[in-house]
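Today I am looking up charged side-chain pairs and nonpolar packing. My notes follow the model below.

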Amino acid sequence: MPMLLLATNVKFASEDATKAFVTDFSKVLASQSHTYASEAWFSVYFSYNPYMTFAGTFDPAVLLTIASMFNTNPTNSKLWSKAFADYFQEKLGVPSDRGYMAFFDPGPEFIGTRGTSVAALIAASGGSDMYQTN
């Protein structure tokens with residue numbers, strides 16, 4: 001159930017180009033998750049803001065926040081940071097020193113879906129972890 005919030009001041013040429021980037025980014029995220037086998041678990045929120053600054057300038061920049069259960073740890077944080085920095089450099093022209101990425105695991109008790117919490121859904125399914133696939 002990774003939830004991703006990506007903000008940037010890099011503008012795309014069109015709505016179609018923006019949608020193509022977000023769709024591609026979702027696939028890249030799924031390939032890097034190391035837990036979730038399907039992109040179906042991912043939710044991506046993308047925001048373009050021309051007034052976003054980093055280090056006091058409006059040069060291309062990104063802010064990425066990923067909330068993901070069961071796979072957020074120091075090793076994956078390093079792997080993800082490298083993979084996403086490379087991706088942002090290639091796709092957005094954003095150098096690795098022009099953004100921050102935050103990775104955290106809020107725990108199933110603190111994620112809501114389907115009118116309840118993920119912890120309650122896991123408990124109702126007999127304790128099987130329906131969100132963890134590996």
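I started with K19, which is partly exposed at a relative accessible area of 48%. My cut-offs: buried is under 20% relative accessible area, exposed is over 50%, and partly exposed lies in between, with a 1.4 Å probe and protein chains only. The model is predicted, so I note its limits: local features need pLDDT of at least 70, side-chain atom pairs count only at pLDDT 80 or more, and totals for chains, interfaces and linings use all residues. Residues are numbered from 1 along each chain as its sequence is written, and side-chain values use heavy atoms, with hydrogens and water left out.

**Entry: salt bridges**

What does K19 pair with? Its side chain meets that of E15 in a salt bridge, 3.2 Å from N to O. I call it a salt bridge when a side-chain nitrogen of Lys or Arg is within 4 Å of a carboxyl oxygen of Asp or Glu. Side chains of opposite charge can pair when their charged atoms come close. E15 is exposed, at 56% relative accessible area. Both residues sit in helix α1 (residues 15–32), four residues apart, about one turn of the helix. Helices (H or I, at least four residues) and strands (E, at least two) are DSSP runs, numbered from the N terminus.

How many salt bridges did the rule give? I got three.

Next I checked D86 and K82. Their side chains form a salt bridge at 2.8 Å, N to O. The two are four residues apart in helix α2 (residues 74–92), which puts about one helical turn between them. D86 is partly exposed at 38% relative accessibility. K82 is exposed at 52%.

Then I looked at E90 with K91. The closest N and O atoms of this salt bridge are 3.8 Å apart. E90 is exposed at 60%, and K91 is partly exposed at 40%.

**Entry: nonpolar cores**

I moved on to the cores. A nonpolar core here is a set of buried Ala, Val, Leu, Ile, Met, Phe, Trp, Tyr and Cys residues joined through side-chain atoms within 4.5 Å. The largest one has 23 residues, and L6, F21, F25, F84, F88 and L92 have the most contacts inside it. The elements giving it two or more residues are β1 (3–8), α1, β3 (62–67) and α2. In soluble globular proteins, nonpolar side chains tend to be buried together.

What does L6 touch? I counted contacts as heavy atoms within 4.5 Å. Leaving out residues up to four places away in sequence, L6 touches F21, F25, Y45, F46, S47, V62, L63, L64 and F88.

I also logged a second, separate core of five residues, including M1, M69, V118 and I122.
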